[in-house]
Amino acid sequence: MIINHPLLGPRDASEFSYLGDASLIDRPDPQAQDAAEQFHDYVYLRDNPAGEHRELWFHEHGDRSWLVVTRNTLTHEITRVELAKDVAIARGRSR
């Protein structure tokens, strides 16, 4: 599988580590009244979607950047690759 890195161009997936659902960017507030419950759900509850899914990938054998990869879990087709910091910044602005 080839991941088209936004800064470095096409890279083999073996350079990356898969780290799970991209929703992990949104950490719970540790000061919230129900913080323990929120962190339990954040750490242990995961969807296992069939089809398009946004995932976190870490460029471990490269520039050590974090990426959000939109990939079809059935076909492995990658439709979008973004820097995770850009996704996090955009989400912060939309709240």
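**Figure 1. Contacts across the protein chain.** Take the contacts between residues at least 6 apart in sequence: 48% of them join residues at least 24 apart. The model shown is predicted. Of the 95 residues in the protein chain, 34% count as buried.

**Figure 2. The order of helices and strands.** The protein chain holds 2 helices and 6 strands. Start at the N terminus and read along: the elements run β-β-β-α-β-β-β-α. Helix α1 covers residues 35–44.

**Figure 3. Extent and surface of the protein chain.** Along the principal axes, the C-alpha atoms fill a box of roughly 45 × 25 × 25 Å. The protein chain exposes about 6,400 Å². Carbon and sulfur atoms supply 49% of that area.

**Figure 4. Charged side chains.** Count the charges in the protein chain: 11 side chains are positive and 16 are negative.

**Figure 5. A nonpolar patch on the surface.** Three residues make up this patch: Val43, Tyr44 and Leu45. Together they have about 340 Å² of accessible area. Val43 belongs to helix α1.

**Figure 6. A closer look at Val43.** Is Val43 buried, partly exposed or exposed? Its relative accessible area is 44%, so Val43 is partly exposed. Buried would need a value under 20%, and exposed a value over 50%. Val43 is one of the residues in the nonpolar patch, alongside Tyr44 and Leu45.

Notes. Residues numbered from 1 in each chain as written. Predicted model: local features only at pLDDT ≥ 70, side-chain atom pairs only at ≥ 80, totals over all residues. Heavy atoms only, no water. Helix = DSSP H or I, 4+ residues; strand = E, 2+ residues; numbered from the N terminus. Buried < 20%, exposed > 50% of the residue type's maximum accessible area, 1.4 Å probe, protein only. Contact = heavy atoms within 4.5 Å. Areas by Shrake-Rupley, 256 points an atom, 1.4 Å probe, with all protein chains shown as cover. Lys, Arg positive; Asp, Glu negative; His and termini not counted. Charge placed at Lys NZ, Arg CZ, Asp CG, Glu CD. Patch = residues over 30% accessible without salt bridge, like charges linked within 9 Å, V, L, I, M, F, W, Y side chains within 5 Å. Salt bridge = Lys/Arg side-chain N within 4 Å of Asp/Glu carboxyl O.
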